Amino acid sequence: MGKVTGFLEIDRQVHKYQPASDRIRHFKEFTLPMSDKEVEKQAARCMDCGVPFCHGPTGCPIHNQIPDWNDLVYNGDWESAIRNLHTTNNFPEFTGRICPAPCEEACTLNLEDIPVAIKTVEQALADKAYELGMVRPQPPEAKTGKSVAIIGSGPAGMAAAQQLARVGHDVHVYERESKPGGLMRFGIPDFKMEKHFIDRRVEQMQGEGVTFHCGVNVGVDRSVDELLAEHDAVLYCGGSETPRPAGIPGAEFEGVHDAMPYLVQQNKRVGREDIQSVAWPSQPIVAGGKHVVVVGGGDTASDCVGTAFRQGAVRVTQLDIRPQPPEKENKLAVWPYWATKMRTSSSQAEGAEREFQVATLEFIGEDGALTGVKCCEVDEKRQPIAGTEFVIRADLAFIAIGFAGPFSDSVVKDLGGRLQVIKDTRRSTNIAANDKDYRTSVDRLYAAGDVRRGQSLVVWAIREGRQAAQSIDEALMGSSVLPR
């Protein structure tokens with residue numbers, strides 16, 4: 001498990017960033033890679049902790065064998081480490097960049113606030129895999145004669161497609177947008193993950209027999225019943241994309257937008273595509289020279305902050321209804337689970353003004369255009385405190401308070417009452433399917449990822465896609481060699 005005394009001898013180091021003044025001038029990734037020797041030293045910090053909580057169930061949802069590949073990296077066997085990592089994770093270059101690393105929260109060394117730099121090592125391994133030419137198609141030795149359709153090409157759909165193709169099924173992926181990747185391509189900004197990583201994986205998967213059909217909105221352009229008639233199984237991985245309704249008065253003013261159309265537009269600009277999206281049509285939205293307010297405290301809100309700065313916003317204010325969390329959590333009460341503590345994203349560190357325990361009362365405007373956001377402080381029950389109202393100047397406001405389930409105008413509408421849906425504790429309407437076999441109420445239709453689970457992490461989507469693939473393979477063939 002790395003060097004036995006490594007955690008005592010070596011300080012924790014992670015990737016450094018370009019200075020904020022430099023990185024806000026472009027939309028490219030801004031992490032500064034570490035040398036192989038530096039990465040090996042960080043892998044050496046992995047201690048023989050007895051019960052490695054890092055790789056599950058509290059740490060890594062896909063159960064990456066973290067201590068194993070840390071030990072291999074420490075000993076300089078990068079190729080074996082890369083092969084080990086890919087046994088559990090189809091796309092480590094994605095998770096190494098955009099996963100919040102619950103594995104590091106669960107690391108035993110996090111009890112002392114110095115967890116092993118697992119995410120840094122994982123990204124280094126993923127990038128080394130390309131450098132060494134190890135990301136190659138792995139086509140099946142024989143075809144099964146079975147055909148599977150996958151609706152949606154986000155991380156769940158891509159993971160399932162790759163797994164099913166590698167055991168010999170004929171896999172067809174149907175994507176509503178112009179290119180595969182889902183919200184990884186069109187929702188996550190390029191400064192967090194450049195999209196050539198997705199393109200490389202798509203090329204690999206095509207070499208394994210996966211066929212991508214882009215520009216096909218299933219439920220609108222083609223019915224689900226048509227896919228069920230043409231294929232032996234259909235897997236729905238449409239994501240959770242319906243914006244959670246905010247109910248804030250004044251949302252009709254020009255300059256008030258949901259977050260996703262804004263992020264999608266900018267990603268399409270960077271990709272040199274038409275900025276109009278099938279799902280999020282909108283007039284051009286640009287923050288240059290404007291005062292921007294972002295309502296919400298999560299990752300999507302943070303992405304809006306970073307995008308606004310890069311577009312030249314004069315000022316960006318982020319509103320969070322939650323109280324400001326403590327700088328340090330109570331380890332003995334929380335570890336190894338994800339802790340609520342003060343966290344500052346790279347986008348927020350670029351100059352955002354953050355307001356905590358604040359509610360957005362209404363958007364204020366003149367002549368139909370936004371001019372400000374009226375706010376107030378709230379108590380511990382999130383109720384407004386009288387006399388604390390204030391107004392923030394705003395020319396542009398983004399609502400980023402989460403997602404309430406899949407779009408209701410495509411697959412859900414197409415299948416009508418035949419497809420059972422359920423409401424979860426976050427007021428999201430999701431497709432009803434368990435996490436054992438991923439079957440829905442419609443025969444031979446499965447569901448996985450955010451469309452089933454509700455909005456979540458890329459790493460959870462990969463897990464569900466892999467497990468759904470195993471379930472489908474077992475149903476089609478009677479047994480499966482795919483891991484769960």
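## A walk through the chain

The chain is built from 18 helices and 17 strands. Its radius of gyration is 23 Å, close to the 23 Å that the globule rule gives for 484 residues, so the chain is as compact as a globular protein of that length. The model is a predicted one. Along its principal axes, the C-alpha trace spans about 70 × 60 × 40 Å.

Of the 484 residues, 54% count as buried. The accessible surface of the chain amounts to about 20700 Å², and carbon and sulfur atoms account for 49% of that surface. Contacts can also be sorted by distance along the sequence. Among contacts with a separation of 6 or more, 69% are between residues 24 or more positions apart.

How many disulfides does the chain have? The count is 0. A disulfide needs two cysteine sulfur atoms within 2.5 Å. For C103, the nearest cysteine sulfur is that of C99, 6.2 Å away, and C103 is in no disulfide. C304 is in no disulfide either; its nearest cysteine sulfur belongs to C375 and is 16 Å away. Residues under 20% relative accessible area count as buried. C103 has 9% relative accessibility and therefore counts as buried. C304 is also buried, with a relative accessible area of 0%.

K268 sits in helix α13, which covers residues 259-270. Is K268 buried or exposed? Its relative accessibility is 3%, so K268 counts as buried. Leaving aside neighbours within four places in sequence, K268 is in contact with E177, S178, F186, E273, D274, I275, Q276 and S277.

E329 is found in the loop between β9 (315-320) and α15 (331-334). With a relative accessible area of 9%, E329 is buried as well. Which residues does E329 touch, not counting those up to four places away in sequence? They are E105, N110, A339, T340 and K341. One of these, A339, is 10 residues from E329 along the chain, and the C-alpha atoms of the two are separated by 6.5 Å.

The backbone is the last topic. Most residues other than glycine have a negative phi, and most peptide bonds are trans. The peptide bond from W335 to P336 is cis, with omega near 10 degrees. P336 lies in the loop between α15 and β10 (353-356).

Where in the chain is H63? H63 belongs to the loop between α3 (36-43) and α4 (66-74). Its phi is near 60 degrees, a positive value in a residue other than glycine. H63 has 33% relative accessibility, so it counts as partly exposed.

Y438 also has a positive phi, of about 65 degrees, although it is not a glycine. Y438 is placed in the loop between β16 (429-431) and β17 (445-447). At 0% relative accessibility, Y438 counts as buried, whereas H63 counts as partly exposed.

Definitions and conventions
Residues numbered from 1 in each chain as written. Predicted model: local features only at pLDDT ≥ 70, side-chain atom pairs only at ≥ 80, totals over all residues. Heavy atoms only, no water. Buried < 20%, exposed > 50% of the residue type's maximum accessible area, 1.4 Å probe, protein only. Helix = DSSP H or I, 4+ residues; strand = E, 2+ residues; numbered from the N terminus. Rg over C-alpha atoms; globule rule 2.2 N^0.38 Å. Contact = heavy atoms within 4.5 Å. Areas by Shrake-Rupley, 256 points an atom, 1.4 Å probe, with all protein chains shown as cover.
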